[in-house]
Every structure is written in C-alpha cells, then in structure tokens.
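Subject: The structure I promised you

Hi,

Here is the structure we talked about. Have a look around first, then read my notes below.

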Amino acid sequence: MADQRPGRPRHLDLDELLTDRATKVLVCCGSGGVGKTTTAASLALRAAEHGRRVVVLTIDPARRLAQSLGLEELDNEPRTVPGALPPGSGGELQAMMLDMRRTFDEMVAGHTTPERAQAIFDNPFYQTISTSFSGTQEYMAMEKLGQLTATGTWDLVVVDTPPSRSALDFLDAPQRLSSFLDGRMIRLLSAPARAGGNAFRKLVGSTFNLFAKAVSTILGGQMLADASAFVQAFDTLFGGFQERANTTYQLLRAPGTAFVVVAAPEPDALREASYFVERLSAEKMPLAGLVLNRTHPVHATLSGARAREGAETLEASRGDRVELRSAPSPDDELAAAVLRLHADRVETAERERRVLGRFTRAHPTVPIVDVPAMATDVHDLEGLREIGRRLAS
Amino acid sequence: MTDQRWPAALAEARLHVVSGKGGTGKTTLAAALALALAAGGRRTLLVEVEGRQGIAQVFDTPPLPYAEQRIAVAPDGGEVRGLSVDAEAALLEYLEMFYNLGLAGRTLRRMGAIEFATTLAPGLRDVLLTGKVKECVGRTVGEDRRGGRRVPLYDAVVLDAPPTGRVVKFLDVTKAMGSLARTGPIHSQSEGVVELLHSPQTAVHLVTQLEDLPVQETLDTVDEIREAGLPMGAVLVNRVRPSRLPATALTGAATGAGLGAGLRSGLEAAGLFLKDDEVDGLVSETVEHAERVQVEAAVRSRLDAAGLPQLELPELTEGVDLGGIYELAELLREQGVR
C-alpha cells in the first residue's frame, strides 16, 4: 500500500513486535519531553492485552501517570496494575518505578558480607554516589532490567530510560560510573606520591602533586579521605559489578531485545534520535524503529492554498455585509474559521514532514510509526489504551 | 506606565535565567530574549551550560568554543554574544588562575583527571558553571574618562539553564557548596554567586506551553523557586496557537454535534463543493481544535492564578529558524521586554 511507494519509510508494525514471543526486552529511548514513559506504558499495556505477561519499568513518571499505573507505593518491586486487564484474559501487567538508592543498596548487599555492606552504606561518600552521581540512575536502570529479566517471571520487560539531557547518556553512564569506581584516580589523588610507580611519577610528577593539592583544597581533605575509603571498601566488589554491567550490556545486544526510539516531530528531538540510531548500529544493538509522537496529520485532502482562498472569500463577503448593516451568516463565519484551521494544519503537517524528511534521508531503512497528538495529556488506563491503538495502527 | 507583562523590576535584572520543561522551547526563547535585550545598541551574552551546542544550532553557527563570541546583531546595532560553558574547562581556568598550573592542565585533562575531579563532587560542576556565569555578569571594561568608573561589559546575561526538573538544584549553590571545602578560592567565589542569584539583579523565567503537564511542572517549579528564595521572573507562554473558532461555535464544536450541515453551506458560499469524507475530515480537525482550545483555557486559568507576569509567544507554523528568533525577539519587545 502507501508504504510501498518509493521514498517513503517502512511502517513500524508494533503489534507484530509486541506479540512476537521472541521479543523479551523492549527499551524505549529518546530525549526528554517526547513522551517516552507514556509510550513505554502504552506498549506494555497493549502487549498484556495480547496475552503476554509483561512488566514495565518506569524511571520518573509524571504523578498522574504513575497513579494510573497504581504506582503510589515505592517499594522498588513490580506490582500488578489494577484494572488493566479483564479477569481471565491470560495476560498480565505489572509496573514499577525505579528507586535508584535501593537498587544500589541491594546490589552492594548481594555482593558482600553484611558487615562490609554496612561499612559501605555508612560512608558519606556512598550516599553521594548512590543518589546524585550523574549516571547512577542510568546504571541502576540497567541493573534493574538485568534483575527483572533474570527472574523469568515475565515474558516481556518494557523499560523506559532516564530523562537525561541526551539520549546517549543511558548507554554511556554505566561505563562512566565503572571507570570512576575502578579507583586508579582516587588512589592517585589521595596518595599521589606512592601510587603509579616510578615511570608514572616521572611522567606527570610534580604537576600531579600540585593538582592533587589543588583538588584537595577545593573539595576538602575529608571528602578525599571518604572517597578513598569508599573505593577501597568497594575494591572487593568491583570485579562483580563490572561483570554484572557487562552481562546487562550483552543482554542489550541479545536477539530478544528491541529498541524503540521515541521522538517528537521537532528538529532537536529528531537530531537526538538520529544520534541514537547511529549509536545503536555502531554497538550492534537491535533497533526496531522510530515512534514519532504527537504528529498533526491532516484529515482532508483540500490544499492549504485553496482553504485560505475560501476563507478570504467568506471574510470579504462578511466585510460587505457589515457595510450593509446586515447580520453576518453564522455558517459563513464557521466555515471561514474551519478553513483557516485547516490551512494552519496543512502548514504544520508540512513542517513536520520536512523535519522528518531530514531523518529519513539519513536513515532510510528505519521503520517509522507516527502517533497523532491527543488533545489532552494521558493520565488513565483508557488514555494509555488509546495511545496503544494509535501506536499499533 | 509600566507594563505588567514585564514589570520595572525585571527591567532592572541583569541575569536572566531561563528554564522550562524539556521540549517547550527553552533554548529558542532564551535566544530570543538575549536578542530582545540587545536592542537599542546594547550588548548581551547568551550562555549555555549543558554542552548541547543549542545556541549554535539556533543561530546556525559552527559549535561554540569555550570563549565568548558574537553570534547575532540586533536590528538597531545591538550585539548578542554566545558562550558554551563547560565545567571541566572552567575548573582548568581556576587551577591556572589560582595554582599556576599552566600547560600541565592539558595533560591532566587528557588523563581524565579533570573530569574525575568534577564527578567526584557533583555539586562542584554546578558551582563551577554558575561561578563562570557570575564572572560574566560582573565583568567590567574600560574606564569612563570623566569619573574613572568601569562599566559592565554586558548589559544583560541570559542563561539557558537546565530544565525545570533540575534547575532549582542547579541554582541552589549554597547546598552544592556543602559538599566542598569551606575555604579556598572556589568557596569565596561561590559566596558571591549565592549573593547574585538571590538578589534583584537576577530573574528566573520559566518557559511553558498551554498543556497540562508543562503547566503543572511550571507551577511546581514556581513553588520550588520561591522556597529556595530565588527571584521569580516571568512565565513565557510559548507556542500559543490562535483560537480560530468563533466563541459561539466552540462548545458545540468540541462534541462535533451539528457541525456538518452549517459547515457545508458555508463552504459552498466560499465556492468549495467538497465530498462527504472531505467535510468529515474538516469536522474532525475542528473537533480536535475545539477540544484543545478548551484544555488551553483550563490550564491558562491555573497559570493565571499564580499571579506572575506572563508573556505570550505564538507558534511559528513554519518552524523556528534564525528569522523566527528575530520575530520572537520583536514580539518580546512589543510586550515590554527591555
């Protein structure tokens, strides 16, 4: 059909993806403000309606969306979404919201003795790392994804990615945190004279000492001491953590995983989507396609120019009537307004097509589905179902 | 006469912080504001702090280095400069200034030491970024020949700040300083930053759209800003679309009831004889529009209740390019921005 015309991107068939039993993990990514969380929740609900046992991991949902998923309780465990499915439908929908501190705590506790874990929890520096380090949220989202898939309780895990400034952060953050925790730099900073050996000392020598001194002046000696104690306590866990992060990374490359990139028809969002598509391909991670959210397709083929012309004709005749002091016709007034509206809409749709065109020229093989904008924000299950229908159409 | 949309207090501010929910057009309006404030032969600086090169994209220039450079000229001779602040470069700048590290800084950067230091204390990044902004606001040039008084280099500095979810944390430098040493050059400069950010010299503006979530997030952030004792500026309502429908038709149109017959006769008067499905298509577009107008009216009254100065910017249907920025700047001027 229309999809077969040359120059048009392939259509992304999400129902096929969701009902395919081979799809085990679905990752929704994209830049902030494009509707990632809503998309993830709608896809999860739709898959459950198709009889799959699904869990959706949300990161930071808007309050009312969280409520609609029954996510008032924050216990870092999936809960059944009340009222999502009719009884006996065969499917299952659970949802959870990531609690990164708890996920981190559990990860530490699972890798060491209770005494050592306690020593880590008590370190003031751990509190910084586990709550406000840039990248912890991303790392913990991946950790939780690993845990959820490992249990085998669900046959599809849908995951929302953190609202980072760039869509790529979520792939890079675990690595960043790992290289931070590997401890080389912190050992140098806390004891630059001893670490690194002779060759290294010769290389950077006094510069580094000066730098270490400057940094400890800025950050305070106590912080460096805490950080150093933390990294030492962490050393024994570190191998385990690294391995775990690698396993999750492998999971993202596994055949059962699919990425859905979400974007709005705006230049910024599509630029981010472009970077993401390139990165996924470089990492050999499987991209299912692009969800283009909140589009404004036209519903009538009347051209913008003809609509505008028609509106002008009606407005001119209204002007004449005013001069003749006869009452303006409400039908004409309505029709003029409707025609103006349509002309606006044609213009908006054209702009959206142009913006999308830049993306499809760079990535002609990426399947796309567009989701027409809704008048109101989605904050209940019925809204999620409607988005699901639009996603699958 | 003072324009309530841009009260006199805002005209006094020299640091304009612009935040907003992601996707509402924060960077675009920060750029338009910098351009509007440059009118009349003034000089403004537009600063970004998230390394996104958003300024370069908006003004269609090559990526900005860590240096202030001219990016636009106001119609009557004013000038906008742009700067992309990077925390690591700012830290190096400090180290060079106070510890005389010189060229070694580059080696440290290559080793990853600089990045490491800024990640070690998450608060340090924000302190460094706001510190650089404060330095730009306070920088003076030349000497007035008569009085020997130095004048500020920039008449105004516009900061394209992090989005609403993070902005208060970003600006709450006092808290960030808690994680740093209590003495030293960065500490004493941070005290100056705190003073500037909590003074009438600063105004925090929020960009929003007439939709449920962005407005809710704006109102929540207004509370946070006030709680943190930061000076709240104006709400910039972006992408306002004209309500095309006559008020009388609006309520009925939202349900689509009885729209068809009257519409068809009006269309025929315009010389348009359309097929049924075409008319149906126009009706469904109109229903969507009417629904949206109703949502907009509801969220607008919630926004009005906050009692803040409000400026409105229209949706540019053809998209925002450089010409669009000039158009938005002009519209800001018309609403009293100076």
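Predicted model: local features only at pLDDT ≥ 70, side-chain atom pairs only at ≥ 80, totals over all residues.

**Aromatic rings**

Searching the whole structure turns up four aromatic pairs over all chains. In one of them, the rings of Phe121(A) and Tyr126(A) have centres 5.6 Å apart and planes at 45 degrees, so this pair is tilted. Both Phe121(A) and Tyr126(A) are buried. Phe259(A) belongs to strand E6 (residues 257-263) of chain A, while Phe276(A) is in helix H12 (residues 267-282) of chain A, so the pair ties together parts that are 17 residues apart in sequence.

There is also an aromatic cluster, made up of Phe104(A), Phe121(A), Tyr126(A) and Phe230(A). Phe104(A) is in helix H4 (residues 100-109) of chain A, where the buried residues are Met100(A), Thr103(A), Phe104(A), Asp105(A), Met107(A) and Val108(A). Look at the start of H4(A) as well: a side-chain oxygen of Asp99(A) comes to within 3.3 Å of the backbone nitrogen of Arg101(A).

**A serine inside a helix**

Next, find Ser42(A) in helix H2 (residues 36-49) of chain A. Ser42(A) has a relative accessible area of 1%, so this residue is buried. Its side chain reaches the backbone oxygen of Thr38(A) at 2.8 Å. Leaving aside residues up to four places away in sequence, Ser42(A) touches Leu384(A), Ile387(A), Gly388(A) and Leu391(A).

**Where the chains meet**

Now zoom out to both chains. In the contact between them, 68 residues of chain B meet 66 residues of chain A. Together the two chains bury about 5,600 Å², and 65% of that is on carbon and sulfur atoms. How many salt bridges does the rule find across the interface of chain B and chain A? It finds two. One of them joins the side chains of Arg244(B) and Asp344(A), at 2.9 Å from N to O. Several helices of chain B supply at least two residues each to the side that touches chain A, including helix H4 (87-99), helix H11 (212-227) and helix H14 (276-304). H14(B) gives the most, with eleven residues. Sorted by class, that side of chain B has 33 nonpolar, 16 polar and 19 charged residues.

Most residues other than glycine have a negative phi. Lys284(A) has a positive one, near 55 degrees. You'll find Lys284(A) in the loop between H12 and strand E7 (287-295) of chain A, and with a relative accessible area of 67% this lysine is exposed. Arg239(B) has a positive phi too, near 55 degrees. Arg239(B) is in strand E9 (residues 232-240) of chain B and is partly exposed, with a relative accessible area of 21%.

Happy exploring!

Technical notes: Residues numbered from 1 in each chain as written. Chains lettered and ligands numbered in written order. Heavy atoms only, no water. Contact = heavy atoms within 4.5 Å. Buried area = accessible area lost by both parts, 1.4 Å probe. Salt bridge = Lys/Arg side-chain N within 4 Å of Asp/Glu carboxyl O. Helix = DSSP H or I, 4+ residues; strand = E, 2+ residues; numbered from the N terminus. Nonpolar A, V, L, I, M, F, W, Y, C, P; charged D, E, K, R; others polar. Phe/Tyr/Trp six-rings, centres within 6.5 Å; stacked < 30°, edge-to-face > 60°. Buried < 20%, exposed > 50% of the residue type's maximum accessible area, 1.4 Å probe, protein only. Polar contact = N/O pair within 3.5 Å; in protein donor to acceptor, adjacent residues only side chain to side chain.
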